[in-house]
Amino acid sequence: MKHVDVLVRGAGIVGQSLALSLARLGLQVGLCRDAPNETPRPGAAPDVRAYALNAASVALLKSLKVWDSLPAHAATPVYDMHVQGDAEGAAIDFSAWEQRAGELAWIVDAPVLERELAAAVRFAPHVQVLTAAQADHARAGLVALCEGKASAAREALGVRFERHDYGHSAIAARLVASRPHQGAARQWFRSPDVLALLPFDSPEPQRSYALVWSLPRERCAELMALDEAAFAAALMEATRGEAGEPALASARAEWPLGIASASAWSGPGWVLLGDAAHLVHPLAGQGLNLGLADVAALARVLAAREPWRPLSDPRLLRRYARERALPTWAMSRLTDGLLHLFAQPAPAARELRNRGLGLVNRLTPLKRWLTERALDS
């Protein structure tokens with residue numbers, strides 16, 4: 001029987017980052033690799049996920065000695081962001097220069113990041129990689145569930161996962177465009193869809209994008225059924241050619257969208273992190289940032305615990321849950337509110353949201369505050 005201080009169930013980006021973070025504290029960590037994938041992918045299609053990471057997430061990965069091991073093409077800086085509403089002139093622009101920051105975010109290749117985290121885990125002296133059978137028989141002071149939204153271990157604990165389905169799905173793909181991206185991200189909010197083009201340097205430097213397009217499920221199915229040329233034409237129409245002429249450079253993946261939160265984030269001897277604890281709409285690109293912030297918070301709480309207090313102590317684990325409750329709730333309300341605001345077809349709602357974009361764009365201090373919140377969440 002294996003004896004570990006902490007058993008981490010789920011070996012995605014959040015789970016591996018947690019294992020490495022806790023190992024740095026000198027804790028013996030068991031990492032179970034046989035948990036469900038955090039993001040379902042159809043069949044054996046290539047993994048086309050890309051994430052926007054804020055400064056706090058990058059700092060965590062740097063502390064784990066993982067960030068600097070990423071190849072250049074797998075992490076692309078975002079210097080500017082253009083967000084457009086569904087009326088002429090309704091837009092807001094963010095820039096790293098205006099924020100006095102090196103960059104607003106980094107767009108990271110998810111499978112490459114997972115691979116580099118796995119390499120770091122292999123060389124971490126305090127981390128044991130366990131099979132599901134070994135994990136089931138392991139003795140641990142604390143069990144950290146990072147299995148994603150479909151966590152079986154969370155269900156076995158009797159924790160409710162209160163989910164609201166949006167009736168929308170997201171399409172993800174890699175694109176190559178005819179015009180250089182110049183480190184600029186573009187996003188379109190239009191009733192009823194949200195489309196984001198995130199600058200990327202793979203497969204072609206300076207001309208690639210990661211696409212995330214959320215739409216009502218029926219329209220998503222129609223787009224997924226199109227051939228590559230017809231899909232590229234639909235993208236060209238949706239973006240009005242503002243990023244150049246796009247062409248698919250990968251398979252397309254889709255997944256259903258919803259908002260969710262676990263009824264409890266901690267209990268005697270267990271905690272939830274990442275998508276096992278919360279789900280938000282991807283329109284703000286903050287899902288993984290929230291998960292990595294969970295990792296950093298739990299590591300801080302465990303590092304600061306009293307010497308006599310065991311890892312399983314419910315009071316200790318509630319400190320973590322309290323620290324993460326407000327920022328996660330705020331981000332979920334923000335994304336949910338934005339989605340519903342831009343989904344409203346009524347003329348009054350349309351005028352309100354588009355006037356709001358223009359107003360915020362003219363208020364530089366407010367834009368700076370919003371950007372700081374996104375960078376540090």
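Author: Two strands pair if DSSP finds at least two bridges between them. Keep that in mind as we walk through this predicted model.

Reader: What makes strand E5 and strand E6 a pair?

Author: Strand E5 (residues 80–84) and strand E6 (residues 91–95) share five bridges, in the antiparallel sense. Pairing asks for at least two bridges, so E5 and E6 qualify. Within this pair, His82 stands opposite Asp93 in E6.

Reader: Which sense, parallel or antiparallel, does E5 take with strand E11?

Author: Parallel: E5 pairs with strand E11 (residues 184–190) over five bridges. Here Asp80 faces Ala184 in E11.

Reader: Why are strand E8 and strand E16 said to stand at the edges?

Author: Let's start with the order of the open sheet: six strands run E8-E2-E1-E9-E17-E16, with mixed pairing. E8 (127–130) and E16 (266–267) each have a single partner strand, so one side of each has no neighbour in the sheet. Elsewhere in that order, E9 (residues 139–145) and E17 (residues 270–272) pair in the parallel sense over three bridges, and Val143 stands opposite Trp270 in E17.

Reader: Why is Ser169 called buried?

Author: Ser169 has a relative accessible area of 4%. Ser169 sits in strand E10 (residues 161–177). Beyond its neighbours within four places in sequence, Ser169 has contacts including Trp213, Cys220, Glu254 and Leu257.

Reader: How do you know that Ser169 makes a polar contact with Arg217?

Author: Their side chains come to 3.1 Å. The cut-off for a pair of N or O atoms is within 3.5 Å, so this one counts.

Terms used: Residues numbered from 1 in each chain as written. Predicted model: local features only at pLDDT ≥ 70, side-chain atom pairs only at ≥ 80, totals over all residues. Heavy atoms only, no water. Helix = DSSP H or I, 4+ residues; strand = E, 2+ residues; numbered from the N terminus. Buried < 20%, exposed > 50% of the residue type's maximum accessible area, 1.4 Å probe, protein only. Polar contact = N/O pair within 3.5 Å; in protein donor to acceptor, adjacent residues only side chain to side chain. Contact = heavy atoms within 4.5 Å.
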